[in-house]
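Subject: Structure handover

Hello,

Here is the structure I promised to pass on. My notes follow below it.

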Amino acid sequence: MPATAALHLAAEIGGPPHYDAPHYTALAQLAERGTLDFVTLGDSFARPGLDALAVLSRVAPATRRIGLVPTVTTTHTEPFHVSSAVATLDWVSRGRAGWSAEVSTTGAEARLFGRRPAAPAADLWREAADTAEVGARLWDSWEDDAEIRDVATGRFIDRAKLHYVDFEGATFTVRGPAIVPRPPQGHPVTVIDGTGGPSQDAAARHADVVLVRATTPEQAAGIRAEVRRRAATYGRDPDALRVLVALTVDLGDAETVPEPGPESGPRLAARGSYYRGGPVDLAELIGQWHRGGAVDGFHLTPITPARDLERIVNGTVALLQHRSLFRTFYPGGTLREHLGLARPASRYVLAEGRA
Amino acid sequence: MTAPTQKQMHLAAHFPGVNNTTVWSDPRSKSQIDFSSFEHLARTAERGRFDFFFLAEGLRLREHNGRIHDLDVVGRPESLTVLSALAAVTDRLGLAATVNATFNEPYELARRLATLDHLSAGRAAWNVVTSSDAFTGENFRRGGYLDRADLPQVLGSARTGGTPYTRAAEFVATARELWDTWTPDGTPRPFRHHGQHFTIEGEFTVPRSPQGHPVVIQAGDSGEGREFAASAADVIFTRHGTLEAGRTFYADVKARLAKYGREPDELKIMPGVTFVLGDSDAEAQERAAEIRLQQISPQNAILALEQIWGRDLSSYDPDGPLPEIDPVPDSTLVQGRVRIGDQLEVAARWRALSQAKGLSIRQTVIETTGRQSFIGSPETVAAELIEFVSTDAADGFILVPHLTPGGLDDFVDRVVPLLQERGAFRSEYTGSTLRSHLGLTEPVWKG
C-alpha cells in the first residue's frame with residue numbers, strides 16, 4: 001500500500017442562526033479539541049444571521065490553533081474591503097484565516113443594495129475570481145520586509161517594497177497597495193465550493209482548498225484528478241491544492257443502521273452528499289476513502305452542529321486518531337501549516353527575481 | 001470631596017494613527033498591526049474604565065510628490081474585524097470603528113455594525129466619515145464619489161448628486177431604518193427605503209441589537225458637520241483648542257440640538273487630545289519637547305514644509321532657514337491627507353516667525369504644528385481636564401497616545417485615579433453597554 005498523505009478534516013459550525021458569540025466560540029473550541037484543520041461559517045445576505053467574518057474574528061482570541069474560514073460574498077461587496085477584512089482576520093488569529101468565496105445570484109439580494117441588477121452565476125463567478133485575484137495581489141503588495149523603521153533616514157517603510165496592484169477587471173478596478181500589511185500567512189487560505197458548474201474555473205485558478213461532491217471514492221478520485229488537471233493548466237502546482245469531499249452528516253441516532261452505509265457510500269442529497277449513521281461508521285467511510293487516495297480529506301456539515309459536532313469530535317475523530325489516521329495535536333500554528341501548504345512569496349518579489 | 005452632582009467626564013482611547021503624532025523611532029514603540037498591540041491598549045483603556053476604544057480607518061496609503069509617504073507609521077487593519085476580536089478580550093469597553101459612508105453601502109455596513117453590537121453585547125459605535133476624493137476612490141467600485149457611481153442611469157431615475165454630508169445623512173438614517181426592522185420580540189419584517197441616494201428593499205438579516213442602534217459618532221467641525229452631528233450623532237469627535245474656543249464650540253453645537261427635538265445631553269462633545277506626563281510640570285515640559293523632536297524628524301520637517309509650499313524642497317537643510325521662494329497654490333503634491341488651509345498665508349506666517357525668533361526649518365515646524373494638548377504632572381493634567389469639562393468646553397476627551405501600545409499606561413495609572421478621587425470620572429462601570437457609559441438612552445423602536 002502506498003504511503004498515505006495526511007488526512008484533512010474541517011467542519012461547518014453554522015446552522016440555525018444564533019446571535020451571540022458564546023455559541024460559536026464553544027463550537028470552534030470543540031472542533032479545536034478534535035484538532036480539525038479548520039471550521040467554516042456560512043453566510044448569505046439572503047437569510048438571517050450575523051456577518052460570518054466578524055463572528056470568526058470574535059472567536060479568534062478564544063481559540064489558538066484551529067483555522068477560521070468564513071463565507072465572504074463577492075457580489076455586492078467591495079473587493080478592496082474583502083481583501084482588507086480577510087487579511088485582518090489573519091492578523092487577529094495569528095495566521096489562521098481563510099475565506100470561502102460565494103456569490104449572490106438573486107434579485108432579492110440585488111435589491112438590498114440597489115446598485116445593479118442580479119446577474120447570471122457565470123458572470124458572478126468571473127467577478128469572484130477577479131476578487132480572489134485582486135485580493136492575492138493586495139496581500140502581496142506589501143513585501144514581508146517592507147517595514148524598516150530606519151531612524152537614520154527617518155523612514156518607517158521602504159516604499160520600493162510596496163506595490164501598486166493596478167487591477168482592471170470587467171466590473172471594478174483597484175489601484176492599491178493594500179492598507180493592511182502582508183498577512184502572517186502571506187495569503188490567507190482561499191476555499192471555493194463547487195465540483196463543476198460556474199465556480200469550477202475560479203476554483204482551478206484561485207482555490208487552495210476545493211470542496212467537491214461525490215458519492216463513491218471512484219467518483220471522488222475522478223473529480224480530484226480533474227480539479228488538479230485544470231489547476232495545472234493555469235500553471236499551478238496541483239500538489240498545492242487540497243480537495244475535500246463536502247459531506248452533510250446526520251449523526252442523530254447512532255444506533256440505527258447506517259444509511260446507506262460505508263460500503264455503498266453516502267447518497268447524493270440536495271446540497272451535496274449526505275451521510276446518516278453513527279460516528280464510528282463515518283470514521284470507517286473517511287478512512288476508506290482517504291486510504292485509497294481518492295481525496296485529501298472531508299468537510300463535514302453537521303445538520304445540527306450543537307449535537308453532531310460533539311459526536312464527530314469524540315466519536316469519529318477519536319477513532320481516526322486511535323487508528324493513527326489523523327493528527328492528535330497541531331504540529332503547526334497556521335492554517336497553511338495544518339493543510340501542508342507552503343507560505344507563498346510575494347509575486348512582486350518573484351517578478352523581480354529576488355526570491 | 002466634590003459634590004456628587006459634579007458633571008461626569010467621558011474618556012476614549014484612540015489607537016495611535018498613521019501620522020507623525022505617533023512616534024515609531026522610540027525603542028518602546030511596538031507593532032502597529034499585531035493583535036497584541038490592540039489588545040494591550042484596549043485592556044489598558046478598560047482597566048481605566050474608559051467609555052470606548054477608537055479606531056481610525058485607512059482606505060488608501062498617503063502619497064507625497066507622487067510616491068507613497070514613507071516617514072510615518074504606515075499600515076493598519078480593517079476596523080470592524082479588529083473590534084470584533086477585541087470584543088473577546090474586553091467586557092465593558094465600547095468599541096468604535098471609523099467607517100467611510102462613501103465607499104460602503106447601507107445594507108452591508110448596517111449589518112456589520114449590528115453584528116458587532118451583538119458580538120460585543122452592546123458596545124458598538126460607528127464614527128461616520130465621508131470622502132469626496134477620487135484618489136481614494138481608485139481602490140473602489142464607486143470610484144470618484146458622486147461623479148460616476150451615482151449617475152442617474154445606474155438606477156434608472158432622474159436623480160442628482162448631493163454632497164458627502166447629504167449622502168452620509170441619508171446613509172445613517174437608512175442604517176437606523178434597517179436596525180429597526182426586526183420587532184423587539186425578534187420577528188424580521190421587510191423594509192423599503194426610497195431616497196435620493198439609496199433605493200433598497202428586502203429583509204435585514206440581523207435582529208435589533210443590544211443597544212437598539214450602535215452609537216453614532218461624527219468627526220468634523222465644519223458648519224455642515226456640526227449640523228449633521230446635531231441632527232443625527234450621539235458623539236462629536238472634534239478638534240481641541242483653547243478653553244474659550246471649546247466653550248464657544250460647545251455652546252454652538254448644543255444650541256443646534258433643540259431644532260431636532262433633542263436635549264443637550266443627547267450629544268457628547270469629545271475633542272481629540274494628546275498629553276505628556278511627568279513627575280513635575282517642568283519634567284513634563286522637557287519630555288514634551290523631546291517628543292516633539294521625535295515627531296518632527298529632519299525629514300518630516302522638510303515634508304511639512306513641502307505640504308505648505310507645494311513643491312519639492314528636498315535640497316533644503318532642515319537646520320537651515322526657510323525657503324525664499326513662494327508656495328505653489330493648489331499643488332497636487334500631497335494626496336490622501338487633509339489640506340492645511342491657505343498656503344500663501346501659512347507660508348508668510350511661518351517666515352515671520354522664523355525671522356522673529358531665528359528658527360530653523362525644523363524648529364519652525366516644531367513651533368507651529370500641534371503642540372501637545374495637556375502637559376504636566378498628573379495633578380496638573382487632571383485639573384485641566386476637569387476644568388474643560390466642568391466649564392462646558394467638552395463632555396470628555398478622546399485621548400491620542402503617541403506610543404503604540406504603551407502610550408496610555410501612565411495616564412491610566414496616574415491620572416485616572418485622580419479624576420476618580422475628585423469625583424469627575426467613574427470608578428466602576430455601572431452599565432454594560434456603551435450607551436449606558438455615555439448616559440445615552442436606548443433609541444425608541446420605530447417599527
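In this predicted model, 10 residues of domain 1 of chain B are in contact with 10 residues of domain 2 of chain B. Contact means that the C-beta atoms of two residues, placed from the backbone, lie within 7 Å. On the domain 1 side, strand S3 (63-64) and helix H4 (134-137) of chain B are the elements that give two or more residues. Helices (H or I, at least four residues) and strands (E, at least two) are DSSP runs, numbered from the N terminus. That side of domain 1 divides into 3 nonpolar, 4 polar and 3 charged residues. Ala, Val, Leu, Ile, Met, Phe, Trp, Tyr, Cys and Pro count as nonpolar, Asp, Glu, Lys and Arg as charged, and the others, Gly among them, as polar.

Domain 1 of chain B covers 10-279 + 373-438, and domain 2 covers 297-368. The bounds come from an automatic or database domain assignment. The C-alpha centres of the two domains lie 31 Å apart.

Chain B as a whole has 15 helices and 15 strands. Its radius of gyration is 23 Å, close to the 22 Å that the globule rule gives for 447 residues, so chain B is as compact as a globular protein of that length. (The radius is taken over C-alpha atoms; the rule is 2.2 Å times the number of residues to the power 0.38.) Along the principal axes, the C-alpha atoms of chain B fill a box of roughly 70 × 65 × 40 Å.

Now the interface. 50 residues of chain A are in contact with 54 residues of chain B. On the chain A side, the elements giving two or more residues are helices H2 (52-59), H3 (79-92) and H4 (107-113), and strand S6 (155-157). H3(A) gives the largest share, 7 residues. By class, this side has 30 nonpolar, 8 polar and 12 charged residues.

One helix pair in chain A is worth a look. The axes of H8 (residues 279-291) and H9 (residues 305-322) come within 8 Å and cross at roughly 45°. Axes are lines fitted to C-alpha atoms, for helices over the stretch in contact, and angles run from 0 to 180 degrees between N-to-C directions. The contact of H8(A) with H9(A) has 8 nonpolar, 3 polar and 1 charged residues.

On conventions: residues are numbered from 1 along each chain as its sequence is written, and chains are lettered from A and ligands numbered from 1 in the order in which they are written. Local features need pLDDT of at least 70, side-chain atom pairs count only at pLDDT 80 or more, and totals for chains, interfaces and linings use all residues.

Best wishes
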